[in-house]
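Welcome! Take a moment to look over the sequence and the 3D view, and then let us walk through them together.

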Amino acid sequence: MVKNVVYFDVVANSIVLAVTTGKTLDWRFSGFFRDIVIVAIVLVLGVIMR
């Protein structure tokens, strides 16, 4: 149960950081999609490889 909460928090934090980083780098609202895709791939690989 605790492990699932920690994983959810890591994923939520990563998505918020990807949105913030993409928004500030491109200065467009849609600029964060690329960063969300990269973060999603890294998180999926992290969960698979653990």
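## A first tour

Tyr 7 has its place in helix α1. Bear in mind as you look around that this is a predicted model. Is Tyr 7 buried, exposed or partly exposed? Its relative accessibility is 32%, so Tyr 7 counts as partly exposed. Along the chain, Tyr 7 and Leu 43 are 36 residues apart, yet 9.6 Å separates their C-alpha atoms.

Leu 43 also turns up in the surroundings of another residue, Ser 14: leaving aside residues up to four places away in sequence, Ser 14 touches Val 39 and Leu 43. Ser 14 sits in helix α1, which covers residues 2–26. A polar atom of the Ser 14 side chain lies 2.8 Å from the backbone oxygen of Val 10.

Now move on to helix α2, residues 33–49, where you will find Ile 41.

Stepping back, the secondary structure of the protein chain consists of two helices and zero strands. Here are some values for the chain as a whole:

| Feature of the protein chain | Value |
|---|---|
| Buried residues | 14% of the 50 residues |
| Accessible surface | about 4,100 Å² |
| Part of the accessible surface belonging to carbon and sulfur atoms | 76% |

Definitions and conventions:
Residues are numbered from 1 along each chain as its sequence is written. This is a predicted model: local features need pLDDT of at least 70, side-chain atom pairs count only at pLDDT 80 or more; totals for chains, interfaces and linings use all residues. Side-chain values use heavy atoms; hydrogens and water are left out. Helices (H or I, at least four residues) and strands (E, at least two) are DSSP runs, numbered from the N terminus. A polar contact is a pair of N or O atoms within 3.5 Å; within protein, one must be able to donate a hydrogen and the other to accept it, and residues adjacent in sequence count only if both atoms are side-chain atoms. Contact means heavy atoms within 4.5 Å. Buried means under 20% relative accessible area, exposed over 50%, partly exposed in between (1.4 Å probe, protein chains only). Accessible areas come from the Shrake-Rupley method with a 1.4 Å probe; for residues, only the protein chains shown count as cover.
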